[in-house]
Amino acid sequence: MQAFAPGRVNLIGDHTDHTGGLVLPMAIQLGTTVTGWRGGDRVRLVSADEPAPADVGLDVGDPASATPPWARYVAGVVSELRPSQGFTGEVTTTLPLGGGLSSSAALEVAVALALGLAEDDLLTVARLCQLAEHAASGVPCGIMDQLASAAGVDGSALLIDCHSLAVTPVAIPDDSEVVVVHSGQERALAGSAYAERRAQCEAAQDRVGVLRKASLDRVDSLDDPVLRRRARHVVTENERVRDFAAALAAGDLSAAGRLMTASHASLRDDFEVSTPTLDALVTRLSERPGVYGARLTGAGFGGCVVALTRPGAITGEGWVVRPSAGAHLQRLP
Ligand code: GLA
């Protein structure tokens, strides 16, 4: 059997998922494939991109201590799913590894389907793989990456309410293109800084109530300047996601682009997850003719920038990504 799970790029709405806010990612045509057969009491996978295989017992203990490092994600899924039989096969991917397009979420989702999780139970797949990611990496991520990979829709991005977990497809206009460019900067310290930001959002919520419902006035009353900035990013970003979905639906690409640029400024100044390298790349891409807007995408601290453009506006660098269907399983003859 063969399981495929796409990577994702987030168009707008970063660091909003872990407080139950709004995000607008899309599953992309690049992804990870797991091919093989079920049976036995171990999950053994070789990878074309890794020198050592992942070999995980069904009774695996702590996924974070599995070796080699990529086996942690496999072990994370095994420990959350506890399948009754193992799997032997291989992993191939068209995603850049660790490049900010959720290669780890794609691996988790593909492994979960290969091990027997039902592909149409999107929320179960996404939640289980989110927990697998926590166990594997120690990073307390939200649900965006795994849900985008599971729930992708051909031709559309996904407006996700991370509180109700409702997923609403938002068509990407034909006369536009989404381009992802890697900054060349590895996401150093992303794990601990991510956890710190998440804790700051929670501390702000303890003072002003849930951020997805909080008003800007309420947030501005916070005494602590750091918590005030973090909360202001979340509250304004949720609003930008709503406006962005409406702009795409109206075909107003200029408005959508302006919201992306404003999102980047907020991630840079209020949430403080950008870097000079990411800022310079956003500025350089934004100055090109035919680019409506650009922003860092995902956790930040390095990684990728996403741009919304007229078709063909950015050539010779990065990946032109297309909104694609979500994860699926194929039974091979
Ligand atoms: C990472 C996490 C997501 C989300 C983004 C930031 O990709 O895995 O859950 O929080 O960062 O938006």
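This is a predicted model: local features need pLDDT of at least 70, side-chain atom pairs count only at pLDDT 80 or more; totals for chains, interfaces and linings use all residues.
**Stop 1: around the ligand**

Next, bring in Ala299, where a polar backbone atom is 3.5 Å from an oxygen atom of the ligand. On its own the ligand has 300 Å² of accessible area, and the protein covers 94% of that.

Now widen the selection to the residues that surround the ligand: Arg8, Asp14, His15, Asp17, His18, Cys141, Gly142, Met144, Asp145, Tyr194, Gly298 and Ala299. If you colour this shell by class, you will get four nonpolar, four polar and four charged residues.

**Stop 2: His15 itself**

Keep His15 selected and look at the backbone. The residue is in the loop between strand S1 (2-12) and strand S2 (22-38). Phi of His15 is near 60°, a positive value in a residue that is not glycine. Most residues other than glycine have a negative phi.

**Stop 3: the pocket**

Show the pocket surfaces next. Which pocket does the ligand take up? The ligand's space is the largest pocket, with a volume of about 1000 Å³. Its lining has 45 residues, and those closest to the centre are Tyr73, Ser103, Ser104, Glu133 and Arg187. Select these five and centre the view on them.

Then colour by secondary structure. The elements that contribute two or more residues to this lining are helix H1 (71-81), strand S5 (87-93), helix H2 (103-114), helix H3 (122-137), helix H4 (144-151) and helix H5 (190-208). H2 gives the most, with four residues. Coloured by class, the lining of the largest pocket shows 16 nonpolar, 19 polar and ten charged residues.

**Stop 4: a cis peptide bond**

For the last stop, select Thr67 and Pro68. The peptide bond that joins them is cis, with omega of about -10°. Most peptide bonds are trans. To place Pro68 in the fold, look in the loop between strand S4 (54-57) and H1; H1 is also among the elements you coloured along the pocket lining.

Conventions. Residues are numbered from 1 along each chain as its sequence is written. Side-chain values use heavy atoms; hydrogens and water are left out. On a 1 Å grid over the protein atoms alone, a cavity is a set of points where a 1.4 Å probe fits but cannot get out, and a pocket is an open set with protein on both sides within 12 Å along at least five of seven lines; lining residues have an atom within 4 Å of a point. Grid points are joined across faces, edges and corners, and a volume is the space filled by probe spheres set on the points. Ala, Val, Leu, Ile, Met, Phe, Trp, Tyr, Cys and Pro count as nonpolar, Asp, Glu, Lys and Arg as charged, and the others, Gly among them, as polar. A residue is near a molecule or strand if one of its heavy atoms lies within 4 Å of it. A polar contact is a pair of N or O atoms within 3.5 Å; within protein, one must be able to donate a hydrogen and the other to accept it, and residues adjacent in sequence count only if both atoms are side-chain atoms. Accessible areas come from the Shrake-Rupley method with a 1.4 Å probe; for residues, only the protein chains shown count as cover. A molecule sits in a cavity or pocket if more than half of its atoms lie within 2 Å of its grid points.
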